[in-house]
Every structure is written in structure tokens, then in C-alpha cells.
Amino acid sequence: MRLKTIHKLVLKSYLGPLVLTFFIITFVLMMNFLWRYIDELTGKGLGFGVIIELLLYATINLIPLGLPLAMLLAAIMTMGNLGENFELQAMKSSGMSLMRIMKPLIWVTLFMSIASFFLVNNLVPYANRKMTSILIDIRRQKQVLELQDGLFFNGIDDMSIRVEHQDPVTGKLDNVLIYDNRSAGGNMTTTIAESGYIRLSDDKRYLLVTLYNGDNYQHTRNNQWYSKNSLRHDKFEVQDITIPMEGFDFQRTDNNEMINGSQTKNIKQLQQSIDSLDIVVTESMDRSYGPLLREHLFVEDIQVTHVPDSLYKDKTGFHDAEILDSIARLPLREQRDVWNSAHSKALESRNAFSFDETLTKDSLTQLYKSKNDWHRKLSLPISVIIFFLIGAPLGAIIRKGGLGTPIVISVFFFVVYYIITLMGEKASTEGVWSAVMGMWLSSIVLMPVAIYLMIKATNDSSLLDTDWYYGKYMALRERLAPHLNPIISRITGSAVWRACAKVVGLLKRIRKPKQA
């Protein structure tokens, strides 16, 4: 009964900081996301529902990055609070080991680790696909109609609008100038008006233009004789124009076929992509200059140019084709034909090889990324466990709760983890390292640290106790004092030391301000 009560206490102390730190970290990462895409989201009149949906999918994509840090910070805070309040010492004094105290936390960590795998394997690819689809639709949408005084607005295809002044309350425009080049025949219409109103319809599919007291100048061109043109001038008192618009309204489209990156696939789909890309890369790399020469330059039964039969000796295969007489003995026109034909075939062969080389590089890049994402889905659950095994013993050792010291230590370990992960991922993406080495490097480096800290915490080590280090320093100082004191006395009693002391005293008197 006592054991269950203690486990409930430890579990309750852990779940609160875990939820709190997870939301704080997710919020910070979300601010970084908004900072990156703020230019694409502003000025387009997006609905509140679209923005909330985009932020929801972005939050799901940020979970693999924020969950390990939340586990680390929550573990340090929980064990640090228990140690700071002497609850951890009371549990140990009653005969409970550190592993037994952490038993409910270990079960929670294992559950979070398994849940993180299903999350990153199923939910994150779906959210990534949806988020990318929304961003594509947002990028396709044009900005809202914003007319600035004295500046041309070119946000409408084949149209330019300039106003001298716009009333911010009524929306009335003064001295309106419109250049319209939407005519398919190359005709251009210039409209000048004293005042008017220009706005988008409620569904943003039409541009509604109402102008007062103006002139229309239509410059027409004859389709048959392009050089012939005419100018037509019309005056108007009131003119209403309805122009169909495209791209100003936000339209959701199905972009699933366009989105086929490795981050939008689960582990089964990634394995299929890896198998397919392996075949493509193998076939592309097996090709060399030899097959290309046989297929493009020295094709069997195809001559470079039509020349007299006396100049050739037929052989099967390009290796045995021998020119009996020198090409220099041919007439100049035939020599030019030979050169042009050989040059074109050489270019064709080079282009074919360049195409195969580009295809191989692209396939290799996709293959490396697919392998990295395949291993990332497995390394995340392990990193959750490792960060907990680092945070829990650290909290038991430092015995400090709150957000001060735990945040500093957590950020340090997370920065180390993130740098190692980026370094390994870049090396594996470039093919320098294997995907196993690149994506598991951070776990390989931090696992010994977790084991070492767990051993130290189990043995009640004073690894981060400042008082322990200060006591060691004072003991060392007392031990070395009999040997250092004569040396210090000799130095301070020397003539050089006294001269330096006089110079320092003189400088102090010079820098001392004079009294009024």
C-alpha cells in the first residue's frame, strides 16, 4: 500500500511538468514556424479556419522535435523537486532504490516511446501532406487588392492600377489611372478618371470598378498588318466594369499526387520506395560510356555518312570497323558532312550520359532521404527513452526543481543532440555515411552518458554538488599550502614585485579625480 502511494506521488509529480513543458516547447517551435511563413500568410485574407488548420498540422509535425526535449526537462524537474524537498532522500532511507522509485516513470516513458513511433509513422506523414497541400494552395493565391497612394498595383495579370489618393474611410479613389493589356490581339486600353471605386466582389471572383468623369484611350492593332494601328478616344461620366478575377479567392485543391516526399510516407511506403530506388540507381550506375558509345556513336549497320564503299571495310561491331583510307582524302564537302554527323552524335551521346548522370544523382538523393526517414521513425522512440534516462538521474543528482537550472541543462543536452543529429543526417544524405550511422549517431553518443548518469545517481554521487567540489578544493589547497607559501613569499618580496606595486600605486594616484 505504501509503495503504491509513493508511485502515485512520483507519477503525479511527473505528469504535470511533462504536459506543461511539452506545451511550452511546442509553442516556442510554433513561433519559429510562424516566423518562417509569416510572409506567405499575411496579406491574403485567409480565413480563421484555414490558419487554425495549418497551425494544427504544423504542431503535429513539430511533435517529434519537441517530445524528447519535453521528456528531458520534465524528468529533471520532477526528480529535482523530489530531491530539493528531501522526498527523494526519505524514499531512499526507507530502503527503496532509485530504479524502484522511478518504476512508474519508466512505464510512462515506455508508453510514450511506443506511442511516439505510431505518431511519427502514421499521424506525422498525414499532417505533413496536409500542411504542404495548404501551403501550396496559399502560395497559389494572390495577395488582396491593396492600392497605395502614388504607386502602381501590379497584382492583376496584364493590368496596372495607380491612384493618387485613397480615402481610408469611404474607399473613394482620386485620379485613377488604369492600363489594361488583357486583350488577346495586343490591344491596350488606358483609362483616366477623376474619381471612382475599385473593390473585389464578396466571393473574390470579380473586380468591380466604378469610375466617374474620365476618358478611355483604346490603342488597337490590326492582326493582319501588325504595324498598322489606330487610337480611339471616348469620354464618360460614369463607367461600371466587371472584370473576372482568378487567384484572389482561397481554393482548396487535392495536391496528394504532387506531394510525394519521403516525409509524407510511413515506414512501409518508405521501404517500397527504397526498394524501387535501389533498382533505379543500380541500373543507372551500370551504364557507362561503353554502352552509350555502342548505342549512339557506333551503331551497327549505320555509317557516319554516305561515302564510297572503297573507303570502308565492313566488320561486325564498332571495335572492328576500320577506315582503310584517310578521311583527309575525301572531298571537302564530304569531310564537312562526316564532321557534322560525328559532332552531332557525340553531343547526343554526351547528353544521354548527362541525363543518366542526373537521374542517378536525383535517385541517390531520394534514396538517401528515404533511408534517413526510415531510420528516423525508429530512432525517435529510442531518443525519448535516452532523454528520460539522462534527465531523471540528473534531477536526482542536482536536486534543484523549478525552471531555472533544469532549462539550462536541458537546452545544453538538446543542442548537443540536435547538432549531432544534423551532422549525421547531412553526412548520410550526401552519401558520406550510411543511414544507420547518420541517424543513430546521436543515440550512440548520448546512450553512454545516460548509463553513466544513472550509475552515478544510483550510487548517490556528488557529481554536480558545488559544495562537494568546494570541499575538495579547500582540502587540496591545505595540502599544497606548505609548498606554495614559500614560493609566494619569495615572489612578493622580490624587487620586481615591489617595482610593479609602485607602478600600480602611481597609476591609481594619476587616475584619481581631483577634489574641487
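Is Ser262 buried or exposed? Ser262 is buried, with a relative accessible area of 14%; buried stands for under 20% relative accessible area, exposed for over 50%, and partly exposed for what falls in between, with a 1.4 Å probe and protein chains only.

The views below come from a predicted model, in which local features need pLDDT of at least 70 and side-chain atom pairs count only at pLDDT 80 or more, while totals for chains, interfaces and linings use all residues. Residues are numbered from 1 along each chain as its sequence is written, and side-chain values use heavy atoms, with hydrogens and water left out.

**View 1. Ser262 in the loop between β6 and α6.**
The loop that holds Ser262 runs between β6 (229-244) and α6 (267-286). Helices (H or I, at least four residues) and strands (E, at least two) are DSSP runs, numbered from the N terminus. Not counting residues up to four places away in sequence, Ser262 touches Leu270, Lys369, Ser370 and Asp373; a contact has heavy atoms within 4.5 Å. Ser262 and Ser370 are 108 residues apart along the chain, yet 5.3 Å separates their C-alpha atoms.

**View 2. Asn121 in helix α5.**
Helix α5 covers residues 103-140 and includes Asn121. Asn121 is buried, and its relative accessible area is 9%. Its side chain is joined to the side chain of Asn122 by a polar contact of 3.4 Å. A polar contact is a pair of N or O atoms within 3.5 Å; within protein, one must be able to donate a hydrogen and the other to accept it, and residues adjacent in sequence count only if both atoms are side-chain atoms. Apart from neighbours within four places in sequence, Asn121 is in contact with Asn266, Ile267 and Lys377.

**View 3. Phe117 in helix α5.**
With neighbours within four places in sequence left aside, Phe117 has contacts with Lys377, Leu378 and Pro381. Phe117 and Pro64 are 53 residues apart in sequence, and their C-alpha atoms are 9.4 Å apart in space.

**View 4. Packing of helix α2 on helix α9.**
Helix α2 (residues 48-84) and helix α9 (residues 404-429) have axes 9 Å apart, at an angle of about 145 degrees. Axes are lines fitted to C-alpha atoms, for helices over the stretch in contact, and angles run from 0 to 180 degrees between N-to-C directions. Residues making the contact include Leu65, Leu69 and Ile76 of α2, and Phe413, Phe414 and Tyr418 of α9.
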